[in-house]
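Thanks for coming. I will take one structure today and go through its strands, a few residues and a pocket.

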Amino acid sequence: MAETEFLRRACMLDTYGIDPHPVKDNKGNQMYLGVNHSGVLTFQGSRKTHHFKWSEITKFNYEGKMFVVHLYYAETKR
């Protein structure tokens, strides 16, 4: 029962199932980048800062030391 409860709680964590890779943002701040079944995520420490869904990502570029994710957002009218 303890193992089941541990896994139940662990799977609710933002970083569960993610292998974070250290990166820096455009301002030089330390962050982590991770990939999972639903998209690309960024973290500062163990806190999720952004989640880019696969359906929003149109292209990846790697230029020198820079990794660029191109996103598509549909315009919505209110």
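Which residue in strand 4 stands opposite Gln 44? Arg 47 does. Before I go on, the ground rules. This is a predicted model, in which local features need pLDDT of at least 70 and side-chain atom pairs count only at pLDDT 80 or more, while totals for chains, interfaces and linings use all residues. Residues are numbered from 1 along each chain as its sequence is written, and side-chain values use heavy atoms, with hydrogens and water left out.

Back to strand 3 and strand 4. Helices (H or I, at least four residues) and strands (E, at least two) are DSSP runs, numbered from the N terminus. Two strands pair if DSSP finds at least two bridges between them. Strand 3 and strand 4 are antiparallel, with 6 bridges. They make a hairpin with 2 residues between them, and Gly 45 in that turn has a positive phi of about 70°.

On its other pairing, strand 3 runs antiparallel to strand 2, joined by 5 bridges. Here Val 40 in strand 3 stands opposite Val 35. Strand 2 and strand 3 also form a hairpin, again with 2 residues between them. Is strand 3 largely enclosed or open? It is largely enclosed by the rest of the structure, because 5 of its 6 residues are buried. Buried means under 20% relative accessible area, exposed over 50%, and partly exposed in between, with a 1.4 Å probe and protein chains only.

Next, strand 5 and strand 6. These pair in the antiparallel sense over 6 bridges. Glu 63 has Met 66 in strand 6 as its bridge partner. The two strands form a hairpin with 2 residues between them, and Gly 64 in the turn has a positive phi of about 65°.

Leaving out residues up to four places away in sequence, Asn 61 touches Met 66, Phe 67, Val 68 and His 70, where contact means heavy atoms within 4.5 Å.

Thr 58 also lies in strand 5, but is exposed, at 52% relative accessibility. Beyond its neighbours within four places in sequence, Thr 58 is in contact with His 70, Leu 71 and Tyr 72.

Last, the largest pocket. It holds about 570 Å³ of space. A pocket, on a 1 Å grid over the protein atoms alone, is an open set of points where a 1.4 Å probe fits, with protein on both sides within 12 Å along at least five of seven lines; lining residues have an atom within 4 Å of a point. Of its 17 lining residues, the closest to the centre are Val 23, Lys 24, Asp 25, Asn 26 and Phe 67. Strand 6 gives the largest share of the lining, 5 residues.

Note on methods: Grid points are joined across faces, edges and corners, and a volume is the space filled by probe spheres set on the points.
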